[in-house]
Amino acid sequence: MAKARIKVPGVVKRGAVFEVRLLIRHPMETGFRYNNVGQKIPKNIVHTVRCVYNGAEVFHAELFPGIAANPYFSFFTTAEASGELVCVWTDDTGVTTSERVALTVSE
Amino acid sequence: MPPYLTRRQFFSLAASLPFARPLTGRARANTPARVVVVGGGFGGATCAKYLRLADPSLKVTLVTPQPQFITCPFSNAALVGLRPLTSLTYTYQRLREGYGIQIVQAQADRLDPTAQRLTLSDGHTLAYDKLVLSPGVELRWDAIAGYDAEASAVFPHAWQAGTQTRRLRRQLDAMQDGGLVVISAPETPYRCPPGPYERASLIAHYLKTHKPKSKVLLLDAKDSFTKDKLFLAAWERRYPGLLEWVSGAQGGRVTQVDTRTGLVRTEFDEYKPTVANIIAPQRAAAIARADGLDAGTGWCPVYGGTFESRVHPNIHIIGDAAIASPMPKSAFSANTQAKVCAAAIVALLRGEPVARPALMNTCYSLVAPDYGISVSAVYTVENDTIQVVPGSSGTSPLDAPETTRSLEASYARSWYDNITADTFG
């Protein structure tokens with residue numbers, strides 16, 4: 001199963017504002033819960049999310065334990081040139097994950 | 001509510017003061033108390049009946065818009081032709097003739113909590129000493145873009161049994177082998193938590209039997225659901241490849257439908273189903289949200305021991321419209337809440353203490369006609385809040401043999417016969 005889903009429009013006109021949707025699969029453990037034998041489940045949340053479009057950062061978020069599992073983001077940015085949108089996120093275990101999607105910009 | 005005094009403590013304190021009398025302790029002994037019950041489903045019908053059983057001197061009026069009631073329980077079975085809808089249809093004849101309940105066929109339109117009057121769609125008003133609201137749910141037409149009453153004629157919700165059930169049944173019947181059935185399940189809270197999953201199961205059973213090249217896609221706003229381990233294991237065993245569940249985390253939340261192009265959209269994907277069943281998000285029916293009864297939340301906060309509204313006195317709300325969490329919005333919950341509410345109303349009218357109730361619920365679901373699973377719990381009330389009795393809740397075992405599943409399917413049918421007899425008989 002994919003670790004995240006990114007959705008962008010098929011083709012965007014140059015200069016147009018378009019929506020990016022990102023859904024990350026992550027348990028977002030708060031560190032406040034206990035397992036069924038009474039041990040604390042260690043905190044493990046995605047704490048940083050960045051999205052880079054053709055080398056420029058277009059979205060940056062810092063997350064805290066109040067965010068539910070499988071965080072969902074939606075933001076808008078402007079189409080400049082065809083290329084790639086890369087979303088990168090890091091969790092408390094130090095694992096950095098990325099997903100990329102190709103973007104086609106028309107004249 | 002101030003933290004240092006509960007409502008009940010306040011009233012018992014007030015009653016002990018020299019000149020204060022509870023308003024409801026009726027001194028006029030020769031005037032029967034008037035209780036109006038709105039809604040003729042499992043909550044309303046049961047409450048009206050048990051009010052009269054507990055105190056035959058009460059004048060009980062049941063207001064219901066339909067001359068008969070078609071139950072949602074087992075309507076998933078009717079949907080796929082396992083039993084006729086007529087076998088799920090009940091009239092109020094027994095309540096009228098056997099229990100002396102006055103049945104008024106009308107819609108409850110407006111209420112005046114201060115004057116204690118209810119106005120009906122036919123223009124009549126009913127004065128009450130106690131009002132019980134059990135009107136159930138209404139579908140929210142603002143929750144999924146493009147999904148409103150008109151769209152539900154094309155993409156039925158079938159979440160209120162009757163016309164909608166027949167409509168979806170006709171569509172399933174007309175579908176060619178190889179078709180795609182899309183079901184969308186909402187975020188909680190909604191009526192009948194296991195309902196969408198039972199429905200997906202029984203539609204899969206129907207397709208496996210009659211149209212085996214077809215597929216059911218269950219698009220869900222949630223990442224988990226009641227009895228999910230039992231359902232998922234059963235689907236793996238009975239319907240591999242035929243029934244697929246798309247969780248919220250996989251992008252299953254339906255955000256938009258277009259009945260003209262026949263498209264169903266989630267945040268990430270677009271589907272063109274042959275048959276679409278959109279179980280839209282819900283809220284308490286309009287009369288239960290009148291005069292701020294829902295405190296702006298869409299559902300009605302109540303005191304657990306009496307089901308009296310936390311907003312207006314002398315109005316009790318039971319069934320799907322009430323916030324009775326952790327009890328699910330089920331027929332069984334409504335039935336058991338109705339009895340607790342009836343007992344509380346009788347006690348309050350007599351100025352007697354309200355007994356601490358025991359409430360219970362079982363939700364049976366059919367995965368196939370010979371495959372039943374269940375979840376049950378017993379509840380009590382602590383500080384006006386409903387709580388599960390520790391150790392009382394549980395589900396069917398995960399690794400049970402087929403004989404257990406088949407037995408549970410027969411228990412489900414017995415449960416249905418018993419609860420409908422208790423409610424309407």
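Predicted model: local features only at pLDDT ≥ 70, side-chain atom pairs only at ≥ 80, totals over all residues.
Chain B contains 9 helices and 25 strands, and its C-alpha atoms fill a box of roughly 75 × 45 × 45 Å along the principal axes. The radius of gyration of chain B is 22 Å, which agrees with the value near 22 Å for a compact globule of 425 residues. Of the 425 residues in chain B, 47% are buried, and among the contacts in this chain between residues at least 6 apart in sequence, 68% join residues at least 24 apart.

The domain assignment divides chain B into domain 1, which comprises residues 30-136 + 285-355, and domain 2, which comprises residues 151-282. The C-alpha centres of these two domains of chain B lie 31 Å apart, and 16 residues of domain 1 are in contact with 19 residues of domain 2. On the side of domain 1 that touches domain 2, the largest share, 5 residues, is contributed by helix H3 (residues 75-79) of chain B; by class, this side of domain 1 has 10 nonpolar, 4 polar and 2 charged residues.

An open sheet of 5 strands in chain B has the order E5-E2-E1-E9-E20, with parallel pairing. Its edge strands are E5 (102-105) and E20 (315-317) of chain B, each of which pairs on one side only, and neighbouring strands of the sheet are turned by 20° against each other on average, direction ignored. Strand E2 (residues 59-64) of chain B is joined to E5(B) by 4 bridges, the two running parallel, and within this pairing B:Thr64 has B:Gln105 of E5(B) as its bridge partner. Helix H2 (residues 42-54) of chain B lies across strands E1 (34-38), E2 and E9 (130-133) of chain B and runs at about 170° to E2(B), while helix H8 (residues 331-350) of chain B lies across E1, E9 and E20 of chain B, at about 170° to E9(B).

A further parallel pairing, over 4 bridges, links strand E11 (residues 180-185) of chain B with E17(B), where the bridge partner of B:Val182 is B:Ala276. In a regular strand, side chains alternate between the two faces of the sheet. In strand E17 (residues 275-278) of chain B, B:Val275 and B:Asn277 point one way and B:Ala276 and B:Ile278 the other way, and all are buried.

Between the chains, 6 residues of chain B are in contact with 7 residues of chain A. The side of chain B that touches chain A has, by class, 2 nonpolar, 2 polar and 2 charged residues.

Definitions and conventions
Residues numbered from 1 in each chain as written. Chains lettered and ligands numbered in written order. Domains from an automatic or database assignment. Contact = placed C-beta atoms within 7 Å. Nonpolar A, V, L, I, M, F, W, Y, C, P; charged D, E, K, R; others polar. Buried ≥ 20, exposed ≤ 12 C-beta atoms within 10 Å, placed from the backbone. Pairing = 2+ DSSP bridges. Rg over C-alpha atoms; globule rule 2.2 N^0.38 Å. Axes fitted to C-alpha atoms, helices over the stretch in contact; angles between N-to-C directions.
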